[in-house]
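Please work through each task with the model at hand before reading its solution.

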Amino acid sequence: MSTQTSTSYCTSMVNSLQRVIVKHPNDAFISQKHLSENWQTFNYIEEPNFEESLKEYGEFLSILEKHVPSIDFLPQTSRVGLDSIYAHDPVKFTKDGAIILKSGKELRQPEAQVYKEYLKEKGIPIIGELTGDAVCDGGDIVWLGERTLAVGLGYRTNLEAINQLREITKDLVDEFIVVQLPHDQGESECLHLMSFISMVDHDLAVVHSRLMPVFFRQLLIKRGIKLVEVPDDEYLKLGCNVLALAPRVCVMVAGNEVTKKHLLDVGATVYEYTGTEISYKGTGGPTCLTCPVVRI
C-alpha cells in the first residue's frame, strides 16, 4: 500500500479498515520464560501460556486477514515489554498522520520511540508528539465523527496531554470533548475511555453505562447513537472491547454471548476469537491489539 502523503489516514473508529499495525506475541511475549519473569511486573491477571497465545493470535489474525488488505507488524525489541502486544496505545492516527503519545503506564513509555522510528521507516507522516509532563494512551482517544474527538481524562491521560492534543488537532477537529473517567478499580488498573465504549457503526456503540459520565451518555444518544449495553459479568470479560472491521462488521473476544446477541439483533456481523491468553490476562481486547492506520 502507498505511504505517500496524499493518503488519508484515520478519523473514524468504524469505516472499512484498510491498513493496521499489530504486534505478534512471538515479538511481544517472546517465550514462556520471558512471560514468567515479567507478567507480574506488568500487572497481568495471570501468567499467559505462550503456546496458547500463539494459537489464539493465529485465530485473531485469520479474521483480520479476511478483511484488512494491509497488516504491518511491529518488530521485536528489548526496549519494550509484554504490553507492546497492545499496539493501539502508543500512537493515534488523524487524517493527516500519526500523533506520538506517551503512556500513562511508565513501563510502556519506551514504546512511543520505537513506534516513532517504525513509522518513519514506513514513510507514514507524524503530525505531532506529546512532550514534557503530558501522558496519554491511544485507548483514551475516540473519533465520534470525522471532526469530533472524545478524549478520556483519567489515570492514563492527563490534562497536559489533553491541552497538547487540542493544539495538535486544532485544524482537524471541530468538536473536542473531554470525558472525565471514574476511579473504578484504581490507578494500577487499566481504565480507558475505550474500556466502556466501542463504536461499531456511525450510529451504534457497545457501552458499559455504569462507568459512563451522564453527560457523555446523553451526548451519544442526542447524536443518534444507539447503545448496546454490556452486562457486568461480560464487561469483566472484555465484552465492551469490540473492534469494527467495517460498519456493523466487528470482532470480539469469545464468551460474551449476551453482548453478541444484542449486536446480532441490530444487524451486526460478529466474528469471535479465543482471547484468554492474549486479551483477558493482559486486559486488552481486539481494539487494543490493533492500531488502525487507514480506514475508508
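**Exercise 1.** Identify the bridge partner of Ile197 in E10, and then describe the sheet that contains E9, E10 and E11.

*Solution.* Ile197 has Val207 as its bridge partner in E10. This model is predicted: local features require pLDDT of at least 70, side-chain atom pairs count only at pLDDT 80 or more, and totals for chains, interfaces and linings use all residues. Residues are numbered from 1 along each chain as its sequence is written, and side-chain values use heavy atoms, with hydrogens and water left out.

Step 1: strands (E, at least two residues) and helices (H or I, at least four) are DSSP runs numbered from the N terminus, and two strands pair if DSSP finds at least two bridges between them. E9 and strand E10 (residues 204-207) run antiparallel and are joined by 4 bridges.

Step 2: the order E9-E10-E11 describes an open sheet of 3 strands with mixed pairing. Strand E9 (197-201) and strand E11 (226-229) are its edge strands, each pairing on one side only.

Step 3: helix H6 (residues 214-222) lies across E9 and E11, at about 130° to E11. Helix H8 (residues 257-265) lies across E9, E10 and E11, at about 150° to E11. Such angles run from 0 to 180 degrees between N-to-C directions, with axes fitted as lines to C-alpha atoms, for helices over the stretch in contact; contact means heavy atoms within 4.5 Å.

**Exercise 2.** Determine which helices pack on the sheet of E12, E13 and E14.

*Solution.* Step 1: this open sheet has 3 strands in the order E12-E13-E14, with mixed pairing. Its edge strands are E12 (243-246) and E14 (269-273).

Step 1: strand E13 (residues 249-253) pairs with E14 in the parallel sense over 5 bridges. Met252 has Glu272 as its bridge partner in E14.

Step 2: helix H3 (residues 50-67) touches E12, E13 and E14, its direction making about 145° with that of E14. H8 touches E13 and E14, at about 155° to the direction of E14.

**Exercise 3.** Classify the aromatic pair formed by Tyr57 and Phe60.

*Solution.* Step 1: rings of Phe, Tyr and Trp (its six-membered ring) pair if their centres lie within 6.5 Å; planes under 30 degrees apart count as stacked, over 60 as edge-to-face and the rest as tilted. The count comes to 5 aromatic pairs.

Step 1: Tyr57 and Phe60 lie 5.9 Å centre to centre with 55° between the planes, a tilted pair. Because they are 3 residues apart in helix H3, Tyr57 and Phe60 are separated by about one helical turn.

Step 2: Tyr57, Phe60 and Tyr273 form one aromatic cluster.
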